[in-house]
Amino acid sequence: MDLQKETYTGDIHQKIIVSAENGRRHIATNPSGQYEVRHYRLDGALIKNEQCCDFLLINDTGMKAYYIELKGSDFSHAVEQVEAGEKLCRSHLKGYVPYYRIVTSKTRTQELNSTKFRRFQQRVGADKIKYGTNEIKETL
């Protein structure tokens, strides 16, 4: 897996970064292209034959890594996938603060109240997790 900044071939000052799949989207705005960013498709592209989240968005200027999962309705499995993505990329992103984004087609209230999700929130910090239905928009 190659996440080296030097070998990234995309626009590092991209102003709008969209992660999309099956009608679900995460849209990140990079105001005036002020941050150096990299965007990767992980699942099925850089990472094959292992459970992982769909996308990784790296803000090199802010030293932040966003693990993005676009899921149907299995919220618990989405949590597992963002955790797996972070674990697989951790050694490549030493010093970067991980953030987790989960976009589902529907989220059941009982999944948000599950012990598994509450433990995940406690372990990583609730401020590092965002979830939404069909779309999340945020400014880096």
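**Entry 1: Lys130 and Glu138**

I began with Lys130, which counts as partly exposed at 36% relative accessibility. I was working on a predicted model, and I kept that in mind throughout. Next I looked for a charged partner. Lys130 forms a salt bridge with Glu138. Their closest N and O atoms are 3.6 Å apart. Is Glu138 buried or exposed? I found a relative accessibility of 8%, so Glu138 counts as buried. The cut-off for buried is under 20%. I then noted a network: salt bridges that share partners join Arg25, Glu135 and Lys137.

**Entry 2: the whole structure**

How many salt bridges does a search of the whole structure find? I noted 10. I reminded myself of the background: side chains of opposite charge can pair when their charged atoms come close. I picked further pairs to look up.

**Entry 3: Glu21 and Arg41**

I looked at Glu21 and found a salt bridge with Arg41. The closest N and O atoms of this pair are 2.6 Å apart. Where do the two residues lie? Glu21 is in strand S1, residues 16-21. Arg41 is in strand S3, residues 37-41. The pair therefore ties together parts that are 20 residues apart in sequence. I also checked the accessibility of Arg41. At 31%, Arg41 counts as partly exposed.

**Entry 4: Glu83 and Arg123**

I turned to Glu83 and Arg123, whose side chains meet in a salt bridge. The N to O distance is 1.9 Å. Which elements does the pair link? Glu83 sits in helix H1, residues 75-89, and Arg123 in helix H3, residues 115-124. These are distant parts of the chain, with the two residues 40 apart. I looked up accessibility for both partners. Glu83 has 24% and counts as partly exposed. Arg123 has 55% and counts as exposed. The cut-off for exposed is over 50%, so Arg123 passes it.

**Entry 5: two positive phi angles**

I left the charges and looked at the backbone. Ser32 is not a glycine, yet its phi is positive, at about 55°. I located Ser32 in the loop between strand S2 (24-29) and S3. Its relative accessibility is 69%, so I wrote Ser32 down as exposed.

What is the phi of Asn134? I noted a value near 70°, again positive in a residue other than glycine. Asn134 lies in the loop between strand S7 (129-133) and strand S8 (135-139). With a relative accessible area of 36%, Asn134 is partly exposed.

Notes
Residues are numbered from 1 along each chain as its sequence is written. This is a predicted model: local features need pLDDT of at least 70, side-chain atom pairs count only at pLDDT 80 or more; totals for chains, interfaces and linings use all residues. Side-chain values use heavy atoms; hydrogens and water are left out. A salt bridge is a side-chain nitrogen of Lys or Arg within 4 Å of a carboxyl oxygen of Asp or Glu. Helices (H or I, at least four residues) and strands (E, at least two) are DSSP runs, numbered from the N terminus. Buried means under 20% relative accessible area, exposed over 50%, partly exposed in between (1.4 Å probe, protein chains only).
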